Amino acid sequence: MDRNGASLKSFIRFKEWGIALLPISFFTLLFFLPVFYILRETFNYSFSPLREVFDNSRFWSIAWFTLWQALLSTLFSILFAFPTIYLFTKYDFRGNRFLRAVVTIPFVLPTVVVGSAFTAVFARFNLDTGTVNLRHTVWAILFAHIFLNASIAIRIISTFWEGLNDHPESQSRILGASRISTFFQITVPRLRPALFSAAATIFLFCVTSFGVILILGGPKNSTIETEIWRQAIWRGDISTASVFAFIQLVFVIFLASTLIRAEKKTSLSEDLSVKTKRKPRKGIIVFHFTYLFCLFGLPIFTLLERSLNPGNSGLFTFFTGLTKRTNVIPITPISSLWNSLYFALLASFIALFIGILTSIVIVHGSKKLSSFLNVSASIPLGVSAVTIGFGIFLAFSGPLANLRTSQWMIPMLHALLGVPFVVRSVVPSMRRIPAMFYENSKLLGVNPLKSWFNIDLKLSYRSLVVGAGFSFAISLGEFGATSFLPRNPDTLTAPLVIYRLLNTPGEELRGQAMALSVILAGITALSIFLVELVRKSD
Amino acid sequence: MKKYLTIPAITMFLCILACGNSEKVTADFNESSVTLITHDSFAVSEGIFDIFTSETGISVDQLSLGDTGQLIATSILTKDDPIGDVIFGIDNTFLGRALNANIFTPYTSPIESRIAEELDYEKSDYLTPIDYGHVCLNYWKDSFNDTFPPPKSIDDLLDPSYSNLLVVQNPETSSPGLAFLLATISHFGDNWVSFWQTLNQNGVSVTSDWESSYYGDFIAGGGENSIVVSYASSPIAELIYSDPPVEIPPTAIIEDSCFKQVEYAGILKNTKNKPEAEALIDFLLSQRFQEDIPLNMFMMPVLREASLPVAFSIYPTIPSDLNLISPNEIESNRNNWTEIWTETVLR
């Protein structure tokens, strides 16, 4: 249960609550309280609304579709990520940090932009009419989900894999096993903690996928997430919407905790190693770059193309236009970018802080507290923006009422969505740190708390960096929850501005929306790249 | 060890301080202020509320969030403890829902008498009309010529020669989509379902949102459809934001397909700043503010004496009673109509 010996148990118990206090208050305030109020509003101490929804056959087809599209998206995202995971883990090559930065780009792109980029790609290859028609199909959804989520698998799994030593694999090869069977019988089982961790994150992300389902799935495909929104916003039926929200919650808690438990069960502490990586042959590099271009390149390329002005007023006028205020938006698009950067810095700082405390309790804490935090840290990702957005209005009354319109709400909510990334990438790495390290540190008279912080933070530093990068990116690109928060128009974020630019006709506005997306993507890539540089030099 | 607990403690303390501080600073100076809540499409010229502040001594705090649906749902959820005083952006398709929720306090601005009578808007003691616009079918002019003229009326769409040209939005997820459905219900009366059946047979594309249809399927965005559900002001926006600049808009509207949308403002019932809120409503109806509306929100001013910017001189004159359905009728039938539409077109 805990690795530091029974004698210290009670001491640690006490301290563990001290560490857990802040994460628990954070999740309670921003997640449990809002969700509780939404559910109370619905059921009003009766379960008849639930029965009504269950009796509706449409509900079952929506629930079933939500489940299988999320599971398939998760599976495909991880499968398609594997060649690249292998590349990053095994080879050292020029441009590898650049490539790591590039694969994170899809993550920040507002889904309205991703949706239209995919629609354009389908149209270019004639995949929207005729025999192969992807328009408004589940295939379009799956493609976009792979595009958006493969990077989660790439970053989480390759970072974990890099920390594994090669000994079991070498022994297996010496004993005569083929490379392929070594991979499936030795490596894959050792990667399981990271696989489950990545799967949990991607799954939650696909359950709450909104823009992709709405735009690429078209009007015929709905998931629980889009249905909650349709019921609450369009039909004004908050009651049915919250029944759906309740079902989504149960569903998400069940599946996420299964995956999270699997992550825990499969972790083993083992010797860490800093691997020596090979230099790849040219052919391998060409193969991987082509592969990544097919996976990520086309939609990004379409976006780049649209951000350039083909007219004779100059190729980059959409970019230069971003410094001027257009009538339809209260601030200049460039200042929305500053807002986004400011919120993203705050959000990733909060997410990192809460995420570290949470991870330490998850890894070292008592079983109950550990499981509780493990699940609570991840499920906010799988809960509808409508639930959290409206829940906040219901929950924050009286002395908390000022929080509803506080400028802190945006970074706090973004951090709520960033914490899962920190936790899901850090926990598998922390778990495998050999118990010996803590014991030695105890023998040297260091108190356990201090050794947790020292050992854990240093040895899972790489995963922390990955988690922080994702929280930063998720905040930069967040649209759904932000749109529910009442805020001063001066603090509009870049995704909100992009959305508004796309809501008025005119080539210029649309070009500017694309240019702003390109800059948003560029900033993410650049910041991930800088973080990679720091990571390398450490 | 203590070190590790002090950091969270300090952070928490700072958070609480910061949250407390973000409260309206102006309140400290005993100056009166009013909070205006709008949807995210609300835009005004810079400094316009400074004029109001210098005239009345009341400062304006602005809050914006999501779309009209989110705005109404939020106001209903926070009705006992509202986040602001005045709400702007409720249109006639959602007016009934907002009124039924009983979230407003009555106010009739003295300026309301100067609103253009021919506007033929829904009068209410609780809500004041601020601007209006139309959702209309738009077509791409270059797709049509003398031998293949553009449809002159919504009835022409029944003609098979206009098959596979139209793209509309789902009325259950899009505001212009809903407005166009209402236009067809008003225009065809009881036959509206058969109109949509025919459209469905002739091939009509449906998207979830306006952006996907205008920029995805409509020719303006590189698509193939030459008729789209958009706004009467869209050709004007095409003109203003064209790149390279053009002399005449590339699109035009089909007049009898239009549905009028009037946007209202109202004072929330539990406001603590009623007099200030009333002054703000009067300001929203003032000539200065009304003339600011068209180029910022691509809507038309309701005030009779407000003059239009040059670009808006081409805004079509649409009969005020065209495709009129009362907000009450919309409210009691909306969900039923959209369900029938879904059965007819999507399943």
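Predicted model: local features only at pLDDT ≥ 70, side-chain atom pairs only at ≥ 80, totals over all residues.
Trainee: How much area do chain B and chain A bury between them?

Mentor: The size of an interface is often given as the accessible area lost when the parts come together. Here the contact takes 73 residues from chain A and 71 residues from chain B. Carbon and sulfur atoms carry 58% of the buried area. The total for the two chains is about 6,000 Å².

Trainee: How many salt bridges does the rule find across the interface of chain B and chain A?

Mentor: Polar contacts also cross this interface, with 20 residue pairs found at pLDDT 80 or more for both residues. One salt bridge joins the side chains of R135(A) and D217(B), at 2.7 Å from N to O. For the interface of chain B and chain A, the number of salt bridges is six.

Trainee: Which element gives the most to the side of chain B that touches chain A?

Mentor: Several elements of chain B give two or more residues to the side that touches chain A, among them α1 (2–21), β2 (59–64), α3 (68–77) and α12 (327–346). The element that gives the most supplies eight residues. That element is α1(B).

Trainee: What percentage of the residues of chain B count as buried?

Mentor: Chain B contains twelve helices and ten strands, and its C-alpha trace spans about 80 × 60 × 45 Å along the principal axes. Its accessible surface comes to about 13,800 Å², with 51% belonging to carbon and sulfur atoms. Of the 347 residues in chain B, the buried share is 59%.

Trainee: Why is α3(B) described as largely enclosed by the rest of the structure?

Mentor: The buried residues of α3(B) include T68(B), G69(B), I72(B) and L77(B). The helix α3(B) is largely enclosed because, of its ten residues, the number buried is nine.

Trainee: Is D40(B) buried or exposed?

Mentor: D40(B) lies in the loop between β1 (33–38) and α2 (48–56) of chain B. Beyond residues up to four places away in sequence, D40(B) touches residues of both chains, including R487(A), R500(A), L65(B) and G66(B). Its side chain also makes a polar contact of 2.8 Å with the side chain of S64(B). With a relative accessible area of 6%, D40(B) is buried.

Trainee: Which residue of chain A is in contact with S234(B)?

Mentor: S234(B) belongs to helix α8 of chain B and counts as buried at 1% relative accessibility. Its side chain makes a polar contact of 2.7 Å with the side chain of S230(B), and a polar atom of that S234(B) side chain lies 3.0 Å from the backbone nitrogen of Y231(B). Leaving aside neighbours within four places in sequence, S234(B) is in contact with N138(B), Y214(B) and, from chain A, P505(A).

Trainee: How much accessible area do L75(A), L79(A) and F80(A) have together?

Mentor: L75(A) is found in helix α3 (residues 57–90) of chain A. Its relative accessible area is 49%, so L75(A) counts as partly exposed. L75(A), L79(A) and F80(A) form a nonpolar patch on the surface, and their accessible area together is about 280 Å².

How values were computed:
Residues numbered from 1 in each chain as written. Chains lettered and ligands numbered in written order. Heavy atoms only, no water. Patch = residues over 30% accessible without salt bridge, like charges linked within 9 Å, V, L, I, M, F, W, Y side chains within 5 Å. Areas by Shrake-Rupley, 256 points an atom, 1.4 Å probe, with all protein chains shown as cover. Salt bridge = Lys/Arg side-chain N within 4 Å of Asp/Glu carboxyl O. Helix = DSSP H or I, 4+ residues; strand = E, 2+ residues; numbered from the N terminus. Buried < 20%, exposed > 50% of the residue type's maximum accessible area, 1.4 Å probe, protein only. Contact = heavy atoms within 4.5 Å. Buried area = accessible area lost by both parts, 1.4 Å probe. Polar contact = N/O pair within 3.5 Å; in protein donor to acceptor, adjacent residues only side chain to side chain.
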